[in-house]
Amino acid sequence: MCGIIGYAGNRQDRKVLDVLLTGLSGLEYRGYDSAGVALADSTISVVKREGELEKLEAALQEHGSPSGNVGIGHTRWSTHGPPSDRNAHPHTDGEATVAVVHNGIIENYESLREELSSAGFVFQSDTDTEVVPHLIRHYKDQGLGDEAAFRKAVSRLEGSYALAAVFRGSDTIYATRQDSPLVLGVGEDGHYLASDVPAFIQYTDQVIYLEDGQFAALTDDTVTVSRADGTVIEPSVEQVEWDAEDAGKSGYDHYMLKEINEQPRSLRQCLRGRVDELEGAITIEELEELPTPGKVQFVACGTSYHAALYGELTLRERGVQSQTFLASEYDHGSVPIDEDTLVIGVTQSGETADTLRALRQAGRMGATTLAVTNVVGSSAARECDYVMYIRAGPEIGVAATKTFATQQTALTLLADAIEDGERREVLGALRDLPDNVQSILDDSKARKIAAEYEDAGAYFFIGRGYNYPVALEGALKMKEISYKHAEGFAAGELKHGPLALVTDETPVIALVTGDGERATKTIGNVKEVEARGAPVIAVTDGESDIERYADHVLEIPTTHERVGSILANVQLQLVSYWVANRLDRSIDKPRNLAKSVTVE
């Protein structure tokens, strides 16, 4: 994995290579460690380099830019073999008859590699991907044409893949997918393919979401979609509801800071048409037929897992039996599932491999499945029985920000849709949520606090109840973008081991909202770390007396307990951002990370 772009077209103002480089730039947010392109006409020209896209561009300038009628490009996030020029995509058959880019993992690549090596094919890389062009060439040597050889090779593959191939002497790009996203762009000046829409959004907003097992053939004036048996089908063309400007930085230094500041708008989008405070009603049209479940299971990864933990609490508060699982650990053999079970997959991209696997597994066992996702047309959205969109808008920064806030908000709405509760107070809090987030963005002292603690050896985040998942998320953000050690804890767990790590160089960020029992007990935990010399940063609505024990205070408006944790998270995002900014980290593209993890 990580990003694919392809173009077959007749743009008069730009060459194929220019479109590919623009597309790769649009995919940089996904995270990568090498990049490359292949252009085809009477020959195939491949240029690829380890490192950032700038290194590829420099190599193209140094050696002369290749030309071609069609082309494919790739940004790689290493799975098989370390980052290097030879492991970068595209890969060829050795004689440049065919070039291939690939996202996913070919699980049977070792046996295929042995078979092909025995047949005389020589491998140049450590990757699983390289078996694909050699396999295609193997079938071409047996007399098959380009498309037939491509299809035959794909039929031998086991695992997950989004594949695109170009052939010497051909003006067609061939592509297919299985458990890895691939979207086609339909333009007036040609046709595009990519792993995500931002790669070509500046050229067209008309898209076709390729389904698992489908094949596509793209030329400058045709798009043909077919099944594995060759049957041609008429795909649905959809319009993407955002444009290239939405995916730009809009003057901010980083996408992450832009997206933090976009949260009021994203929250309004999430709430629009779903909340009627006057009637005390929550309406989610797409879930009107959702049956009332006997129990709910959440499956998710990373930031989405923290949102799922929050969702679990909202349901348990209403008496609904609910449980949250890391999707990678979800196993129907040890998890009881029946037809009264609702399995909710929380996934920003809708393409997270572990979450998709868990949802598919649950569906096969008879459970009802629901995707809570941001991406229209994603695999999770298409495959689940129901889908609820969080409506955050495009998120480019690898570290999730506005999508976490809208996931929390969507799950608050979902809990009320599943089981009625006392709504008036929470509906008023949701109404005020976008404005309250804006007030934090306008007045936060996070930048000043970050300057004081940027050299800390580690950071602890603590909270109880709804603040516990936010503590976990705050620590994750700090780790992702600052590369500093950070941990989130249920506040009561400090005394059961983690206190051994607390020193005067360990800032403790305590989330304390309201003035109830949870707040009182968290203050007790704050006293424990204070007694050991740790500096304390309190994130609070001022309802308790936590300020007496804190070295610094980050304020949030007073609101409903459930909604208060959404506000508290905004302060944590800002602290992490400004620490990373002062340390000059690669904030939008943290090392070793990818935006959408499409391998297990």
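Through how many residues does a hairpin join β2 to β3? The hairpin that connects these strands runs through 3 residues. The structure is a predicted model, in which local features need pLDDT of at least 70, side-chain atom pairs count only at pLDDT 80 or more, and totals for chains, interfaces and linings use all residues. Residues are numbered from 1 along each chain as its sequence is written, and side-chain values use heavy atoms, with hydrogens and water left out.

Strands are DSSP runs of E with at least two residues, numbered from the N terminus, and two strands pair if DSSP finds at least two bridges between them. Strand β2 covers residues 34-40 and strand β3 residues 44-50; they pair in the antiparallel sense over 7 bridges.

The structure contains 10 aromatic pairs. One of them, formed by Phe167 and Tyr174, is edge-to-face, with 5.8 Å centre to centre and 80 degrees between the planes. Rings of Phe, Tyr and Trp (its six-membered ring) pair if their centres lie within 6.5 Å; planes under 30 degrees apart count as stacked, over 60 as edge-to-face and the rest as tilted. Ring pairs also link Tyr7, Tyr192, Phe200 and Tyr203 into a cluster.

Phe167 is buried, at a relative accessible area of 0%, and Tyr174 is buried at 11%. Buried means under 20% relative accessible area (1.4 Å probe, protein chains only), exposed over 50%, and partly exposed in between.

A charge sits over a ring if NZ of Lys or CZ of Arg is within 6 Å of the ring centre and within 35 degrees of the ring normal.

| Charged residue | Ring | Distance to ring centre |
|---|---|---|
| Arg151 | Phe215 | 4.4 Å |
| Arg591 | Tyr483 | 4.0 Å |

Technical notes
Helix = DSSP H or I, 4+ residues; strand = E, 2+ residues; numbered from the N terminus.
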